[in-house]
Each structure stands twice: as structure tokens, then as C-alpha cells.
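Here are my notes for you, written as numbered points. Keep the model open and follow along as you read.

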Amino acid sequence: DTDRALVLLEEYCKKLRKPEEQQLKKAIRKVMGIFKSSLFQALLGSFTKKATRHGTISHPSLPAAVAYHVLGCPKD
């Protein structure tokens, strides 16, 4: 879910301290802002309902899956 993705992204941002990592940190913060927006939540809800109806996904954890993929984290 979105909250889980936000936690993962926040933890990753805390590790970005070098000057050359600040642009990445800024970009991640932008993504976090998008995840928190009501528009994103509405679109995600709509996507999840349609995908679940069509059997494309079995659970609404798309933001967390994206965060795991981007950060290269194991899913378990």
C-alpha cells in the first residue's frame, strides 16, 4: 500500500547524505509528495478496482511494489 511505500522511501532518503545524492533525494521526495496526493490516491483506487476485476492483480500494493523495485529491496 501507499503508506508502506512512503515508509520505504523515507528510510531510503535518510541514507542519502552525500552531496552527489541530494538530487536523487529531492526526486524521491517529489515522488513521496505524489504518493500522498489525493489525485494519486483516487487514480490508484480506480486502477486497483479495474485490475482486480480483470484479475491482473490480486492486492492493492502497487506503490509498495514500485518502491521495492526502484530501491532494489527484497519483497519479504
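1. Let's begin with helix α1, which covers residues 2-15. Helices here are DSSP runs of H or I with at least four residues, strands are runs of E with at least two, and both are numbered from the N terminus. With its 14 residues, α1 reaches 20 Å from its first C-alpha to its last, close to the 20 Å expected at 1.5 Å a residue. The expected span is 1.5 Å times one less than the number of residues in the helix.

2. A word on where this comes from: the model is predicted, local features need pLDDT of at least 70, side-chain atom pairs count only at pLDDT 80 or more, and totals for chains, interfaces and linings use all residues. Residues are numbered from 1 along each chain as its sequence is written, and side-chain values use heavy atoms, leaving out hydrogens and water.

3. Which residues of α1 are buried? They are Thr-2, Ala-5, Leu-6, Leu-8, Leu-9 and Cys-13. Seen down the axis of α1, these buried residues fall within an arc of 165°, so they line one face of the helix. Buried means under 20% relative accessible area, exposed means over 50%, and partly exposed lies in between (1.4 Å probe, protein chains only). The arc is taken from the directions that run from the helix axis to the C-beta atoms. On the other side of α1, you will find Asp-3, Lys-14 and Lys-15 exposed. A handy rule goes with this: an α-helix has 3.6 residues a turn, so residues three or four places apart point the same way.

4. Next, look at the largest nonpolar core, whose ten residues are Ala-5, Leu-6, Leu-9, Cys-13, Leu-16, Ile-28, Met-32, Phe-35, Phe-40 and Leu-44. Such a core is a set of buried Ala, Val, Leu, Ile, Met, Phe, Trp, Tyr and Cys residues joined through side-chain atoms within 4.5 Å. Helices α1, α2 and α3 (38-53) each supply at least two residues of this core, and α1 gives the most, with four.

5. Leaving aside neighbours within four places in sequence, Met-32 is in contact (heavy atoms within 4.5 Å) with Leu-6, Leu-9, Glu-10 and Cys-13. Leu-24, also placed in helix α2, is partly exposed, with a relative accessible area of 39%. With its neighbours within four places set aside, Leu-24 is in contact with Tyr-12 and Leu-16. Leu-24 and Cys-13 are eleven residues apart in sequence and 8.6 Å apart in space, C-alpha to C-alpha.

6. How many salt bridges does a search of the whole structure find? It finds one, where a salt bridge is a side-chain nitrogen of Lys or Arg within 4 Å of a carboxyl oxygen of Asp or Glu. The side chains that meet belong to Glu-10 and Arg-29 (3.0 Å, N to O). This pair links distant parts of the chain, with Glu-10 in helix α1 and Arg-29 in helix α2 (residues 22-36), 19 residues apart. Glu-10 is partly exposed at 25% relative accessible area, and Arg-29 is partly exposed at 37%.

7. Finally, step back to the protein as a whole. Its secondary structure comes to four helices and zero strands, in the pattern α-α-α-α along the sequence. Of its 76 residues, 26% count as buried.
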